[in-house]
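Welcome! Please take a look at the sequence and the 3D structure below, and then we will walk through some of the details together.

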Protein chains: 2
Amino acid sequence: MSFEKRGEAIDLSHHLSDVARARNPSPLKDMMKYLGRPGVISLVGGLPNENYFPISSVSGEILVPDSFPLEDADKPSSSLSWFWRLFGKSSPAERTTPFTVHRFSDNDKDLTLATSLQYSMAKGLPQLMTMINEFTEKVYRPAYSNYATGIDLGNTDGIQKSILTLCNPGEGVFFGEWTYPSTINTIKPYGIHPVPLKMDSQGIRSDDLRDTLSGWDESVRGMPRPHVLYTIPVGQNPTGVTVGYERKKEIYGVCVDFDVIIIEDDPYYFLQAGPYVPKSDRRPDPLAALSDEEYIARLAPSYLRLDYQGRVIRLDSFSKNIAPGSRLGWATCNPLFAERLERATETSTQAPCGFGQIFVTSTLLQWKYEGYIRWLKGLRSQYKGRRDDFVDCLAEQFSLRETVRTEGHLEGCTVYEASLRAQNIFVDDKTPHVAVLSFVPPTSGMFVWLEVHFENHPLFGTLETTTLEMKLWTDLAEAGLVLGPGYLFSATRGENASRRRGHFRVSFSQCSLEEMKKSSKILSSVFREFMKLKSITVV
Amino acid sequence: MSFEKRGEAIDLSHHLSDVARARNPSPLKDMMKYLGRPGVISLVGGLPNENYFPISSVSGEILVPDSFPLEDADKPSSSLSWFWRLFGKSSPAERTTPFTVHRFSDNDKDLTLATSLQYSMAKGLPQLMTMINEFTEKVYRPAYSNYATGIDLGNTDGIQKSILTLCNPGEGVFFGEWTYPSTINTIKPYGIHPVPLKMDSQGIRSDDLRDTLSGWDESVRGMPRPHVLYTIPVGQNPTGVTVGYERKKEIYGVCVDFDVIIIEDDPYYFLQAGPYVPKSDRRPDPLAALSDEEYIARLAPSYLRLDYQGRVIRLDSFSKNIAPGSRLGWATCNPLFAERLERATETSTQAPCGFGQIFVTSTLLQWKYEGYIRWLKGLRSQYKGRRDDFVDCLAEQFSLRETVRTEGHLEGCTVYEASLRAQNIFVDDKTPHVAVLSFVPPTSGMFVWLEVHFENHPLFGTLETTTLEMKLWTDLAEAGLVLGPGYLFSATRGENASRRRGHFRVSFSQCSLEEMKKSSKILSSVFREFMKLKSITVV
């Protein structure tokens, strides 16, 4: 199917949950034809008077789109940008442009406080939705024509609304075996069960999805065959892996064959750093010189790009690209699902915060589409630099060996195995090497997922892996380093306590280079002691 | 029970819904003890770097607390404050003070963008919660000691979370027979049913609540006896009525006797205008000269003031007092319910928008408690002036008669009946008077609830009342006046189509004095034609 001749979404209404079906259409529709007429007086709304809002103007200073360079991988010592060192109220190096929004304006196109801070439709500010629609069309290029975008309060809100729009209590949803724990916490109280799928260095395995669907036995599983797949395809939380184009095609194909809806939770989409290259071999970033179109074409395509039927709900967020406190994001999906999501919003969160909409909209209006893409490229470069620095720091404290796994869930994948034998060297296959840690260097996002080789620990087999994991976590914390304990990210939390390996999620998004160095040293020294332990007191 | 010696909330955990019970405690608690230690490096959070937020400062101008006078009822022509006429970008008459929030600050107590715009706990900013706690304690003076406050996204969000925390599918919730339609739309899709209670000029009738509870027959009703009452006690939406102290005591007593939880949705609490006095008799406002303590003591007490057991969830909102676009409010309730509400927030909306929190917190920090009370007094005076003006306008176009109802749901209550006989006079009991409209002049809020006397219409009995109501609504809209159709506010929407009277909700919060005058004229002239109709074509 060519991009130019797009069809429309197919009828997927049979996927709606009972709750979603039972929502009433908005009763205000009949009124709207009168309210739009000039001179009509409306005494309908329970709206406070906008002259009584105590905020009489809202202002902000916005960084220029090219605040961060596109290329610093060839200067590792400066890859922590000049910007990181700012800890004062302002810096002469910051280049900003100001904006102010007033209570009223003579120009209909301007943002005003009278509109932005008033009750409004759940749809969000029209200026914001125009920008979002332009962005969605140009960047994700959905494969069908009548897709719709709807604003939400960020992806956690979008996930809850999407899953409750699709699933009834007692149903299951497919997840990667490691996943964002908040999604599990969101669905479990509603009696909706996570059904884990095997993952590899490309994320969820399409063969496991197909096998699970085709072999589904409701009487054995105790629930109907799931019709929803939840996935974080780029820089997955917690594993950091990214689903490539071919894997996405395979997964989408299985979802078409078995009539499954895909919830694509994609907050890290613009943090696609590319492969990690050891410091000594690092070359100028090939993406830095590309045009916007070329750059976008090189990014992993969204499921929307493949979705000719309208069976994807894509969730985008401003949390990673602007600020989490904006509590703003949007869903892109077929118009039926979009309408049901809007009804759910009207009776819960209503429109997103007006102040947040003002700041995000003003930023995008100032930058325009091209400026926002430039900003996103700069952000990518910053996080790429952080990823490189963090893996460099690990390489300084452990000896790393690039190896192709011959067994386990990463079979066939290239991983880095870290041993305590020596420091700051990459070793070849012939060197004796007892791995204590291994990881797939992330190509996107903000996480490294450390796999701990408990099978090489003296107490392995005498204690449960979760016990070893918690002991190591506590030792690290006592030494001054707090990591994300792996069990928190298990889709079936606590149900795989006896597995061979443990995990920690490590975020490289916030710490300074000094903290990265110190973290690696703590990791190395704590591991040295931990691997010698002959007994553990379980408290 | 004295205010000074307050006990603690009783155990009300048996009221929790299955969904609320199934929520996990926050897994982050164990981590917090390490994260607070100086020098500890945390690589736990999936947080973007706050140096990458493109907003480098946030500023605003805030009106001074005494921007609106306390007293203007004796000068009706100026009761529409100078402020209403502002439609420019700024006014020399506005007195404001500025604030700015920077990315970082050396002072721990300052708001910063690094904290406010980052992911944060669902609890909200500590500076805001301190102000909310002081306000709740001083103004509502809860009757038990261990109440808790928790932030939400305004009352619609608070209502959804509260009802889903308390009710399972198939259960019922008590409502006034006329109510805020969004609450009905919120609960119905979840299979939770509104159970309407009779109302009079004091709101929900305590005798009907007791009779309904004591006579509840599960087999007849098809659901268990409801254990939750939803009420808007001040300036009720849509009827405008306010529940006085004695009625609240009666209702609370019934709820103790039958173990019912009260959801007190109270956005209009500070718009307590007091009784309407006809223009000719109007005197200076007795409340204008009171101290803050005296003023607060004169307000209708919150259910919290009576709630010695912890069975009230009170919902406060900044929507009517600051701006709806803040999407901020808070719940006050027992600590068990508060903890479950916080868990629900973590997996749906998360913390409220940081920009909104910055503006509301900065406003309250600047005003302090005394300034906020002064602001609220000024707002009350503005809405009181609007209420007076609107009823004055009706008095100019209809002849009004003050009458005590001898039958129907307002039996024993004083209402204004309006006839088309003459204009701008109050008539006595002996004058012949065919009422077309009647209403209880609201003592609070922003609504007048017009009751239409369809029993005096020539077609009454030959057509359903809802048909007459829709015909009249359409005629008004075609003449340029859009009112809120009464059926929208029925708790049992559409199930009382053959009642004798119809209703319109009229909001006086936004329109200018000129629009009020024009609205009354349209109402009068459309009624004149409508009452003559001999046939209606039903489309």
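A residue is called buried when its relative accessible area is under 20%, exposed when it is over 50%, and partly exposed in between (1.4 Å probe, protein chains only). This is a predicted model, in which local features need pLDDT of at least 70 and side-chain atom pairs count only at pLDDT 80 or more, while totals for chains, interfaces and linings use all residues. Residues are numbered from 1 along each chain as its sequence is written, chains are lettered from A and ligands numbered from 1 in the order in which they are written, and side-chain values use heavy atoms, with hydrogens and water left out.

**Charged pairs**

A salt bridge here is a side-chain nitrogen of Lys or Arg within 4 Å of a carboxyl oxygen of Asp or Glu. Where do B:Lys161 and B:Asp157 lie? Both are in helix α5 (residues 155-166) of chain B, four residues apart, which is about one turn of the helix. Helices (H or I, at least four residues) and strands (E, at least two) are DSSP runs, numbered from the N terminus.

Some salt bridges share partners: A:Lys123, A:Glu339, A:Arg340, A:Glu342, A:Arg343 and A:Glu346 are joined in this way into one network. How many salt bridges does a search of the whole structure find? The count over all chains is 68.

| Salt bridge | Distance (N to O) |
|---|---|
| A:Asp266 and A:Arg314 | 2.8 Å |
| A:Lys532 and A:Glu529 | 3.4 Å |

**Two copies**

Now step back to view both chains. Two copies of a chain are related by a rotation about an axis and a shift along it. In this model, a rotation of 180° with 0.0 Å of shift along its axis superposes chain B on chain A, with an RMSD of 0.0 Å. The two copies are thus related as by a two-fold rotation axis. For this comparison, copies are superposed by least squares on the C-alpha atoms of residues with pLDDT of at least 70 in both. Which residue of chain B comes closest to the rotation axis? That is B:Ser59, whose C-alpha is at 2.5 Å. The copies meet through the same surface, because 100% of the interface residues of chain B are also interface residues in chain A. Contact means heavy atoms within 4.5 Å.

**Cysteines**

A disulfide is a covalent bond between the sulfur atoms of two cysteines. The rule used here asks for a pair of cysteine sulfur atoms within 2.5 Å, and by this rule there are zero disulfides over all chains. A:Cys393 is in no disulfide, since the nearest cysteine sulfur, that of A:Cys511, is 8.4 Å away. In chain B, B:Cys511 is in no disulfide either, and the nearest cysteine sulfur, that of B:Cys393, is 8.4 Å away. A:Cys393 is buried at 2% relative accessible area, and B:Cys511 is buried at 4%.

Most residues other than glycine have a negative phi, and most peptide bonds are trans. The peptide bond from A:Asn237 to A:Pro238, however, is cis, with omega near 15°. A:Pro238 lies in the loop between β9 (228-231) and α9 (245-257) of chain A. In chain B, the bond from B:Asn237 to B:Pro238 is also cis, with omega near 20°.

What about phi? A:Asp259 is not a glycine, yet its phi is positive, at about 55°. A:Asp259 is in the loop between α9 and β10 (261-265) of chain A and is partly exposed, with a relative accessible area of 25%. B:Gln350 also has a positive phi of about 55°. B:Gln350 is in the loop between α12 (335-346) and α13 (354-397) of chain B, and this residue is buried, at 15%.
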